[in-house]
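Here are my notes on the model, in numbered points. Please read them with the structure open.

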Amino acid sequence: MEQVMASIPDFEIAETGISKDNSAEAEQFKFRVDEIFQKVDELEQKVNEVEQFYLNSSKKQQSSSKGSSMGKERDKERQVPSIKKQQQDASRREAAAAKRMQELMRQFGTIVRQITQHKWAWPFMQPVDVKGLGLHDYYEIIEKPMDFSTIKNQMEAKDGTGYKNVRDICADVRLVFNNAMKYNDEGSDVHLMAKTLLEKFEEKWQLLLPKVTEEEKRRDEEEAEAQLDMQLVREAAHAKVVRDLCNELYEVDTHLEHLRETVIQKCRKMSTEEKRNLGTAIARLSMEDLNKALEIIAQSNPAFQAMAEEVEIDIDAQSESTLWRLKFFVKDALELQSKSAMSTGGNNNNNNNYNNKRKKEICDAIAKTAKKKSKKTSS
């Protein structure tokens, strides 16, 4: 970077072209620039948040792309619910689901009563009296003891510690009989009683199972719908953030343009040496930046054709505002170009033959025009 900037000594950061007598104005400009930088930092953070949100949304959509085309079309037609409506809908869904589950548990309770009223159910009504019966190895064989009194207490619990769904109760009923069959020999009475009651229970459970499956499917669908509503709310919120960002970026851009015009108007007249150095610096630009420099000239020169095959650039013929615009742009561009060259070790083979030829033609045009001006001055 030092080698690049050494050939253009009047491009230091400290030089702005503003008269030293206007130090108060310079401080005011500096304050306004600091404000803009702070605003840009805030906007950058918001942009990163929005970008991360849509990145995560894209991943979720890819993982759930197995849905039917009809489902996708239905999702597109959904209206974005408000947060308040979403909360109300969620409360209604939860209340309705809890009511339906209570009905299923009531029906399951009927099955449990029918099983426990069987004449062979008495060994399974209370916890196994391990100590009284001298079953010293019971806890070594049975990992989780279970009985119908424990199941009943769980079903009737009002403190939130009870069963949450029917399948949990079903699993414990099976555990009662499986424990008995596991601990007692196959030929024993208790083993036979447990096996018989388990078979009767499974028959009754199969009658209730379709209702349980239907309820689970309905819950899954409602949960998916709730998740979709939440996603739509988030997308709507981020869409608003994007709109606000666009407006704020436009304001910042307008502010910067106004500030730039004000600074350029306050700039002093550029000296001949500075113009010559500017022409030399322009020749150092990359092809991309060189085209941008030509666009700056074209902005204040409607007759100038930046994309013409033959371009003639007369630095002395440019207005002061154009010259200072070019100087600010070239300075920033060369700094970035130098940093890029340092990070890549100075190896840059991206320019094709056409770009190199085009750049040479423009640089030759600058040199040719400067040479003509020099001859006229010497004569």
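1. Fold. From the N terminus on, the elements of the protein chain run α-α-α-α-α-α-α-α-α-α-α-α. That comes to 12 helices and 0 strands. Helices (H or I, at least four residues) and strands (E, at least two) are DSSP runs, numbered from the N terminus.

2. Basis. This is a predicted model, where local features need pLDDT of at least 70, side-chain atom pairs count only at pLDDT 80 or more, and totals for chains, interfaces and linings use all residues. Residues are numbered from 1 along each chain as its sequence is written, and side-chain values use heavy atoms, with hydrogens and water left out.

3. Burial and surface. The protein chain has 379 residues, and 32% of them are buried. Buried means under 20% relative accessible area, exposed over 50%, and partly exposed in between (1.4 Å probe, protein chains only). The accessible surface of the chain is about 25600 Å², with 51% of it belonging to carbon and sulfur atoms. Areas come from the Shrake-Rupley method with a 1.4 Å probe; for residues, only the protein chains shown count as cover.

4. Contact range. Take the contacts between residues at least 6 apart in sequence: 81% of them join residues at least 24 apart. Contact means heavy atoms within 4.5 Å.

5. Helices α6 and α7. Helix α6 spans residues 148-156 and helix α7 spans residues 166-183; their axes come within 10 Å and cross at roughly 170 degrees. Axes are lines fitted to C-alpha atoms, for helices over the stretch in contact, and angles run from 0 to 180 degrees between N-to-C directions. The pair is therefore roughly antiparallel. The cut-offs are under 35 degrees for roughly parallel, over 145 for roughly antiparallel, 65 to 115 for roughly perpendicular, and oblique for the rest. From α6, F148, I151 and M155 meet I169, D172, V173, V176 and F177 of α7. By class, this contact has 7 nonpolar, no polar and 1 charged residues. Ala, Val, Leu, Ile, Met, Phe, Trp, Tyr, Cys and Pro count as nonpolar, Asp, Glu, Lys and Arg as charged, and the others, Gly among them, as polar.

6. Helices α10 and α11. Helix α10 (residues 287-299) packs against helix α11 (residues 320-343) at about 165 degrees, with axes 10 Å apart. These two are therefore also roughly antiparallel to each other. Their crossing is right-handed. A crossing is left-handed if the near helix is turned anticlockwise from the far one by less than a right angle, and right-handed if clockwise. On the α10 side are D289, K292, A293, I296, I297 and Q299; on the α11 side are T322, R325, L326, F329, A333 and Q337. The residues of this contact divide into 6 nonpolar, 3 polar and 3 charged.

7. I296. Is I296 buried or exposed? I296, in helix α10, is buried, with a relative accessible area of 13%. Leaving aside neighbours within four places in sequence, I296 is in contact with T322, R325, L326 and F329.

8. E320. This residue sits in helix α11. E320 is partly exposed, at 27% relative accessible area. From E320 to M270, the C-alpha distance is 7.0 Å, and they are 50 residues apart in sequence.

9. E222. What does E222 touch? Not counting residues up to four places away in sequence, E222 touches R93 and R100. E222 lies in helix α8 (residues 189-266) and is buried, with a relative accessible area of 16%.
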